[in-house]
Amino acid sequence: MSFSLTEDQVAIQDLVRKVAREKVAPRAHEIDRLAQYPQDMFELLREIGLFALPFPSEFGGMSSSLCACLAIEELVRVCYNTGYLLAVQWTPFGAIEAGGTQAQKDQYLHGLASGAIRGAIAMTESQSGSDVAGLKTSAKLQGDGYLLNGSKIWCTGASVADFILVAAKVKDDSPKGKICLFFVDTQAKGLTIGKKEDKIGARGIPSCPLFLDDVLVPETALLGSVEQGFKIVMQAMNTARPLHAARGVGLAQGAIDLAADFLSKRQAFGKKVSEFQGVRWMLADMQMQTHAARGLVYHAASMVDQGIHGSELAPFAAMAKCFATDTAMKVATDAVQLFGAAGISADYPINRYMRDAKVLQIVEGTNQIQRNIIADSLLGRAPR
Ligand SMILES: Cc1cc2nc3c(=O)[nH]c(=O)nc-3n(C[C@H](O)[C@H](O)[C@H](O)COP(=O)(O)OP(=O)(O)OC[C@H]3O[C@@H](n4cnc5c(N)ncnc54)[C@H](O)[C@@H]3O)c2cc1C
């Protein structure tokens, strides 16, 4: 592993940092306060070609998880919601690239990479989140298609998506059936997208329930095959984990930026608050923790870029996600403390960082689940 970024990587970091500061930062507060989908930010990311970044050059990308981490880090540093737009687009792309048939790749990947179409993924149900195997949505063979019935919650991006990858169980010889993903057009008959959640964080990107009432999809809507499709997709999510971890690093660094700026202007007891040792040491600890998280994230991303995957990658990706997002929560909470009462006021942006950090500890596999992955790997158990 190299400990310095290449010229190309620095160029991406510089470009996204500039765009983030000049164009994204001024919109961040309003997107959060109004819980408003940032269509203008989606268009901005599309214009500069960021949706393709982790993927191969045929889609306009750089085949680099590390480059994608650098980009998402810079965006989340100023606006969680804008950074989240990349993550929401990258998840279905990764799933289709890993598990889809050639025809599905041809149909969807170029559009996702260019931002011409939007996707979402729906696995979580009211009784099953971490325990994916507990999902109840069913897919029954009917003629030369499948009939989907069930409901989902927390489908992020559903109300702006063109299609949703819906997880459902297909009956086979096994007692519980096989989980498969199906492409469902958001205009499909029988699909209802419910009212978006009123969230404490990630407020700009809608998360909605779905109701599937006899939704008929063709056989070709099954992602990959009944035997392999879902397994491959779960592995792709493992590979994508450093990208979500990078969101934690960006968020923590953004909270430090704001705290440092505030402290160097705020006066108490006749001097700048940034001169008090107790405050300086807090700030130093926040930076140390964030930089340590960055090291774990870049290491896991570099492993992905070297083609390391499966059980070899899993504990490193889990450590990166868990540590970076726990760090984001701790650093953002400390930053609010350093703002004093201003940290509680909606007029200041810092409370947004604390609310968004809490989301990161829960999404993409909760941090308890990440700890299970790390412990399983230490103790020589197959991941559950
Ligand atoms: C903003 C947001 C966006 C989301 N977007 C999507 C999306 O686009 N698509 C989608 O399908 N889902 C999405 N989700 C759902 C998310 O994936 C789930 O919330 C997450 O997997 C946890 O599931 P749960 O909420 O049902 O909690 P549960 O699984 O019920 O867990 C409850 C608590 O128990 C802990 N726990 C559970 N099992 C274990 C265990 N074995 N060991 C230790 N602790 C355990 C959990 O960590 C958690 O603290 C989103 C959630 C949020 C908040």
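**Close-up 1. The crossing of α6 and α9 in the predicted model.** In this predicted model, α6 and α9 cross in a left-handed manner. Helix α6, which spans residues 229-263, packs with α9 at an angle of about 160°, and their axes lie 10 Å apart. Because angles over 145 degrees count as roughly antiparallel, α6 is classed as roughly antiparallel to α9. On the α6 side the contact is formed by R247, G248, L251, G254, A255 and L258, and on the α9 side by I350, Y353, D356, A357 and L360. By class, the residues of the contact of α6 with α9 comprise 7 nonpolar, 2 polar and 2 charged.

**Close-up 2. The packing of α6 with α7.** Helix α7 covers residues 277-305, and the axes of α6 and α7 come within 9 Å, crossing at roughly 160°. That angle makes α6 roughly antiparallel to α7, and the passage of α6 by α7 is a left-handed crossing. From α6, the contact takes in T239, P242, A245, A246, G248, V249, A252, Q253, I256, A259, A260 and L263, which meet V279, L283, M286, Q287, T290, A293, R294, V297, A300, A301 and V304 of α7. The contact of α6 with α7 is made up, by class, of 17 nonpolar, 5 polar and 1 charged residues. G248 of α6 takes part in this contact and is also listed in the contact with α9.

**Close-up 3. The surroundings of the ligand.** The ligand is surrounded by 21 residues, of which the closest are G129, S130, T156, T366 and Q368. Strands β1 (119-122) and β3 (145-156), together with helices α9 (350-362) and α10 (367-378), each supply at least two residues of the shell around the ligand. In terms of domains, the shell around the ligand draws at least three residues from domain 2 (119-221) and at least three from domain 3 (229-378). Sorted by class, this shell has 11 nonpolar, 8 polar and 2 charged residues. Helix α9, one of the contributors to the shell around the ligand, is also the helix that packs with α6 at about 160°.

**Close-up 4. The contact of domain 1 with domain 3.** The domain assignment of the protein divides it into domain 1 (7-114), domain 2 (119-221) and domain 3 (229-378). Taken over C-alpha atoms, the centres of domain 1 and domain 3 are separated by 19 Å, and 25 residues of domain 1 are in contact with 27 residues of domain 3. On the side of domain 1 that touches domain 3, at least two residues come from each of α1 (7-34), α3 (65-78) and α4 (80-99), and α3 gives the most, with 11 residues. The residues on this side of domain 1 fall into 14 nonpolar, 7 polar and 4 charged.

**Close-up 5. The pair α4 and α5.** Helix α4, which supplies at least two residues to the side of domain 1 that touches domain 3, also packs with helix α5 (residues 102-114), their axes coming within 10 Å and crossing at roughly 155°. The two helices are therefore roughly antiparallel to each other, and α4 passes α5 in a left-handed crossing. Residues Q89, P92, F93, I96 and E97 in α4 meet Q104, K105, Y108, L109, L112 and A113 in α5. The contact of α4 with α5 divides into 7 nonpolar, 2 polar and 2 charged residues.

Definitions and conventions. Residues numbered from 1 in each chain as written. Predicted model: local features only at pLDDT ≥ 70, side-chain atom pairs only at ≥ 80, totals over all residues. Domains from an automatic or database assignment. Contact = placed C-beta atoms within 7 Å. Helix = DSSP H or I, 4+ residues; strand = E, 2+ residues; numbered from the N terminus. Nonpolar A, V, L, I, M, F, W, Y, C, P; charged D, E, K, R; others polar. Axes fitted to C-alpha atoms, helices over the stretch in contact; angles between N-to-C directions. Parallel < 35°, antiparallel > 145°, perpendicular 65-115°, else oblique. Left-handed = near helix turned anticlockwise from the far one by under 90°. Near = placed C-beta within 6 Å.
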